[in-house]
Amino acid sequence: MSALTPPTDMPTPTTDKITQAAMETIYLCKFRVSMDGEWLCLRELDDISLTPDPEPAHEDPNYLMANERMNLMNMAKLSIKGLIESALNLGRTLDSDYAPLQQFFVVMEHCLKHGLKAKKTFLGQNKSFWGPLELVEKLVPEAAEITASVKDLPGLKTPVGRGRAWLRLALMQKKLSEYMKALINKKELLSEFYEANALMMEEEGAIIAGLLVGLNVIDANFCMKGEDLDSQVGVIDFSMYLKDGNSSKGSEGDGQITAILDQKNYVEELNRHLNATVNNLQAKVDALEKSNTKLTEELAVANNRIITLQEEMERVKEESSYILESNRKASKQDRTSEGQALSEARKHLKEETQLRLDVEKELEIQISMRQEMELAMKMLEKDVCEKQDALVCLRQQLDDLRALKHELAFKLQSSDLGVKQKSELNSRLEEKTNQMAATIKQLEQSEKDLVKQAKTLNSAANKLIPKHQ
C-alpha cells in the first residue's frame, strides 16, 4: 500500500489540521482513509497524538467491526456511483475488462467476506462466501438457473471462483439487488455463515442491497469460460477514488443531463415492472374465470343429483303406500297368518320409513349446500367484475405512465426549464406508483380470499360427488 501514501514533496499539514481531519477518519483493511465529499483521501498519521485522552474503545472488537462495516458501505457507495456514472457516459455494454466494474466486484467480495465464520476442512480452516450465495436459490426460485450455470462451468475449481461467477451472472440478469435483499431478510439462515456483527447481519448490508437497485440501468456481458476467477487477487484500488486536485468538477449542465437520463431509465424500469404486474393479474383473473366455470359445472351436477334424490324419494313413498295397502288387504283376507306377515310388514315399513327420513335429511343438506354454492358463485362473479375494473384502471394508469415517459424523453432535449417540469412529472409518477402499489396489495388480498373460497367450494363439491355415486 506504499503507492497509496501521499508524496513526500507535499507540504506537511499542521497538527490541528491533522486532528480535525482524523475526526472523519475511517478504517479499512488496517489503513486509515478519510472521506472528503464524494472522494477518498489517504493521509499518513504515524505516531501523532490526535486527541488528549485516547479512547480505549478503539481496541474493542465490536468497535472495529462497526468501523469496518461503515467503511465497506462507503466504499460500496463510491464504487456503485462511479460505475453508474462512467457506464452512462460510456454508453455501451460493459465487459469484464472494464476497470470500474472490476473494482465493484472486488468491493462486493469484501462485503460478502466480512464477518464470515471459518469452517474446518481437511486442509485447514476455510472462509468462502459461496455458501451464503447458494441459499438464494431456496429463497428466490429464479436464482436456481444461475446456481446451476455456475456449477456447470468447467474452469471453476474453488468456492471463491464460483462465488465470483455467481455475482457476475446475477448482475447480467439485473437481479443482484433482489437476490441480496432476499438473502439479507433471512438472518436466521445467514447466522450459520456469519458472525453476529458481520456486515450482512447488520443495517449496512440492507443499505448496500438498496444501492444495488441502481445497477439495473447497466447492461453487462461476461464470457467466463476463459476467465480465471479462482486465482484473481481481490484488492481494492483506492487510486480510482482518490481526489485529484487538478481535475474539475464538471459542468452543471452535464449533471442535469445525467439526472434526466437517470429519470428516463428509472421510468423505463418502472414500466417493465408494471407490465409484469398487469400480466400476472390478468393470468390470475383468467384462472378465476376457469375456476368459476368449473364451479358452475359442479353446481349443475349437484342439481342433477338433487333431482335424482327427489325422484327416488317419491318412488320410496309410492312403495311404502303400496306396501301399506297390500298389508291392509292381506289382513282382511287372512286373519290366521296375520301375526308373522304383519311383523315382517312392520319391519319392512320401519326400514322404508327410516330410509325415507335419511333421504329427506340428505335432500335438505343438498338443498342448503346448493343455496350456499349459488351465493358463493354470485360473490365470485362480483369479485371477478371488481378485478376486471381494477385491471382497466391499472391499464389506464400504465398508459398515463407511458405518456409521462414520452413527455420526459421529449423534454430531455429542451433547456434547463425542462428539468423543473421533469421533477414535477416525476412527483406525480411517484404518487401514482404508490397508489398502484396500494391497489395491487388490495387486489392480492382479495385474490387470496377468493382462492380460499374456491378451495372451500371445491372441497365441498368433491365430498358430495363421491358420497352419492
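## A ring to start from

Is Phe105 buried or exposed? With a relative accessibility of 4%, Phe105 counts as buried, because the cut-off for that class is under 20%. Please keep in mind as you read on that this is a predicted model.

Phe105 also has a charged neighbour: Arg168 lies over the face of its ring, 4.3 Å from the ring centre.

## Aromatic pairs

How many aromatic pairs does the structure hold? There are 3 of them. One joins Phe105 to Phe222 in an edge-to-face arrangement, with 5.7 Å from centre to centre and 65 degrees between the planes. Phe105 belongs to helix H3, while Phe222 sits in the loop between H10 and helix H11 (252-333), so this pair ties together parts that are 117 residues apart in sequence. Phe222 has a relative accessibility of 8% and therefore counts as buried.

Another pair is formed by Trp166 and Tyr179. Their ring centres are 5.8 Å apart and their planes meet at 50 degrees, so the pair is tilted. Here the partners come from helix H7 (Trp166) and helix H8 (Tyr179), so the parts tied together are 13 residues apart in sequence. Both Trp166 and Tyr179 are buried.

## The nonpolar cores

Some of these names return in the largest nonpolar core, which has 60 residues. Those with the most contacts inside this core are Leu101, Phe104, Trp166, Met180, Tyr194 and Leu215. Which helices each supply at least two of its residues? They are H2 (61-90), H3 (99-113), H4 (130-134), H6 (144-152), H7 (159-172), H8 (176-184) and H10 (203-211).

Once neighbours within four places in sequence are set aside, Leu101 is in contact with Leu83, Leu94, Asp95, Leu171 and Phe222. Phe222, then, is a contact of Leu101 as well as the pairing partner of Phe105.

Where does Lys174 lie? This residue is found in the loop between H7 and H8, and its phi is positive, at about 60 degrees, although Lys174 is not a glycine. Most residues other than glycine have a negative phi. Lys174 has 26% relative accessibility, so it counts as partly exposed.

How values were computed
Residues numbered from 1 in each chain as written. Predicted model: local features only at pLDDT ≥ 70, side-chain atom pairs only at ≥ 80, totals over all residues. Heavy atoms only, no water. Core = buried A, V, L, I, M, F, W, Y, C linked by side-chain atoms within 4.5 Å. Buried < 20%, exposed > 50% of the residue type's maximum accessible area, 1.4 Å probe, protein only. Helix = DSSP H or I, 4+ residues; strand = E, 2+ residues; numbered from the N terminus. Contact = heavy atoms within 4.5 Å. Phe/Tyr/Trp six-rings, centres within 6.5 Å; stacked < 30°, edge-to-face > 60°. Lys NZ or Arg CZ within 6 Å of the ring centre and 35° of its normal.
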